[in-house]
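Visitor: I would like to learn how to read a model like this one, feature by feature. Could you take me through it slowly?

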Amino acid sequence: MSTQSSSDAGGFSIGDLIRRPETGSLIGFIVVYVFFASLGGAVFMGAPGWSSWLNIAAEVGIIALPVGLLMISGEFDLSVGSIIPASSMTAAILSGHYELPALVGIIGGLSVGLFVGFINGLIVTRTTIPSLIATIGSMFAVMGLTLGLAVLIKGSTSVSYVPDPVTKGLLGTFINGMFNVSIFWWIGFVAVYYFLVHVAPIGNWVFAMGGDRESARNAGIPTDKLTIGLFMASGFGAAFVGIAQVMTYQAAQVAGGQSFIFNSIMCVVIGGVLLTGGAGSIIGIVLGTMTFAVVNQGIFFAALDPNIGSIIIGALLLTAVLSNDTFRALAMNYATKKK
Amino acid sequence: MSITTRVARGLLATAAFTMVAGTAMAADIFVIGGKPDDPFWSRVKKGAEDAGIVAQAQGGSVTWLGPQNYDNLGPDAAELIRQAIDQGADAIVGPDWVPEAMDPAFEAVVDAGIPLVIYNAGGLDAADKLGAMNYVGAVDAKSGYAAGEYLGKAGKKNGACVNTLPGAANIEAFCTGFSEGIAAAGGEGSTLQLPATAFGDATAVAQAVRAHLLQNPDVDALFAIGDADTNATVSGIQQAGKAGQVEVCGINFNESILANIQSGSQACAIDQQGYQQGFFAVSILNNFVNYGVTIPTREILTGPGVIDASNVEQVIEGVKAGVR
């Protein structure tokens, strides 16, 4: 985005600030944080509180980043919910049941995610099935395969695996007994995605594709390859979280992971991504994820009824969509007045 | 209507049914249960299927009906019961998870003259009220009570039940029983209610437990309602820096829970012996439909059994032998 205003010669401008797509998400985050900090007190504002919501944010955030990119490009991915247990079962069965090296299990788990993403991408680009339906289909298919294969191979629906200290240290440890190491992985993912979306040319391609797929293709953007790549990225993110959960909790379950489907979409929407594609930002998605996590954990520190948390998240979601529209309209008007 | 007249009516109905069924000699038994990928329910299912081997040898069958998820448990399960009736079940096994939603469907089973066994949840009260033949299972309140009593006797004063599935009758009973058990041993109990979205997400459960422990330093005992939740609860305790101070007991067990009991990071596990629930409920109905034989003992208890450091080795042997 160009920060050069035509009239004001440089310097700080409220108009520029409001025009930034993240502004709404930032305000939302600050309001929510202050609200829970005032109720949760010192414990919530200290290291235990920060690590508590950052641990939640990191896991959902690693998935929300690629899911957000997909939504910017105009696609949904609901299959992440069953890729998480599929990859954690794969890793636990390879490394725990067959006692192969941890690296084999990790590569196996990640490959499952990449493969499911590849299939999703193929279905969406080669057929006219909307991604919402295609990924619901792959979600159920993967869920069934995970269950069937787990029972076939292990005869049970949960597999225990105790990772070696290095693997555990890299993927499933709590730094200072509190901060899950996945927080740092999340930061790493944010850096990579920020570069791809806002620095490298590929980012503009994603936005263009979400704005108008036909025009994007006519402009020479390899839309099919890009779509398949994005689905593979979200499969990879979900598989990564699945593996991190095995290393952390030392057991893989066939169930679980379904909550990540809507949670990741909510993070993305609270973060200001336009549901119909074409608009959004990485910083916005990160802020949306943090807001979501603060509400989720703040509830327990504030000693409120947990059901109120769900109400707040629901209200936040609606407010986010409404305010994003308002900010977008504001930005449009602002730009026109300048001319 | 008194219990005796209900039982008498039930006996008349079953006698009439036996005469009709006398020529059938093949029991198509429908079992309503949890998600087949739920670790606990997969054991119940295995028990039901193992009993089904006998049913199959006699020309019958066992069909498992489970919901896709637990988001709408009561109505979904009621729908499954009606499906079983529509598919021509000769006998039905079902848990009374959410009585308000499910009882009308169970009443339809009894009205259709189909023998019914309530298992896993509801207790003998539900079986009597609905006119079912028997109840097979652990009594939830007793399971919770056993955990509360165990922790209370271990010197714990303030226990919290981690409820990840608020609204389900059996989970509420676990938590109530837990509070009563720890109160009987001189402590006090409370419930930590999680939003329904946390169910099945280990990180969400662990972080909720941790936040609760940090905000309520008096809590020195926790009770988890399932095996995955127990692992997450143990992690939450460790992240709160309270390992060794806060003891945890949980419903059900798996390999890592047995390892945790061995290493001391978990105090006890309450075993409902799910395999027995599926096995006996199906066996009772199969024998009844085929031969009219009954089990006069009402309320077949399959639990609670307490697993702690004193007997964990035996249980591990049982797991290896495929029995538990």
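Guide: Let us begin with contacts, where two residues count as touching if their C-beta atoms, placed from the backbone, lie within 7 Å. In chain A, among contacts between residues at least 6 apart in sequence, 77% join residues at least 24 apart. Please keep in mind that this is a predicted model, in which local features need pLDDT of at least 70 and side-chain atom pairs count only at pLDDT 80 or more, while totals for chains, interfaces and linings use all residues. Residues are numbered from 1 along each chain as its sequence is written, and chains are lettered from A and ligands numbered from 1 in the order in which they are written.

Visitor: How many helices and strands are there in chain A?

Guide: Helices (H or I, at least four residues) and strands (E, at least two) are DSSP runs, numbered from the N terminus, and chain A has 14 helices and four strands. Its radius of gyration, taken over C-alpha atoms, is 21 Å, close to the 20 Å from the globule rule (2.2 Å times the number of residues to the power 0.38) for 339 residues, so chain A is as compact as a globular protein of that length. Along the principal axes, the C-alpha atoms of chain A fill a box of roughly 70 × 55 × 35 Å.

Visitor: Is A:Ser87 buried or exposed?

Guide: A residue is called buried if 20 or more other C-beta atoms lie within 10 Å of its own, exposed if 12 or fewer, and partly exposed in between, with the C-beta atoms placed from the backbone. A:Ser87, which lies in helix α4 (residues 80-97) of chain A, has 35 other C-beta atoms within 10 Å and is therefore buried. Leaving aside residues up to four places away in sequence, A:Ser87 touches A:Gly109, A:Leu110, A:Val112, A:Gly113, A:Ala239, A:Gly242 and A:Ile243. Buried residues make up 53% of the 339 residues in chain A.

Visitor: Which domains does chain B have?

Guide: Domain bounds come from an automatic or database domain assignment, which for chain B gives domain 1 (3-138 + 274-293) and domain 2 (140-271 + 309-320). The C-alpha centres of these two domains of chain B lie 30 Å apart. Nine residues of domain 1 of chain B are in contact with twelve residues of domain 2 of chain B, and the domain 1 side of that contact has nine nonpolar, no polar and no charged residues.

Visitor: Which residues touch the most other members of the largest nonpolar core?

Guide: A nonpolar core is a set of buried Ala, Val, Leu, Ile, Met, Phe, Trp, Tyr and Cys residues joined through C-beta atoms within 7 Å. In the largest core, of 204 residues, B:Ile29, B:Ile81, B:Val117, B:Val282 and B:Leu285 touch the most other members. Both domain 1 and domain 2 of chain B give residues to this core, so it lies between them.

Technical notes
Ala, Val, Leu, Ile, Met, Phe, Trp, Tyr, Cys and Pro count as nonpolar, Asp, Glu, Lys and Arg as charged, and the others, Gly among them, as polar.
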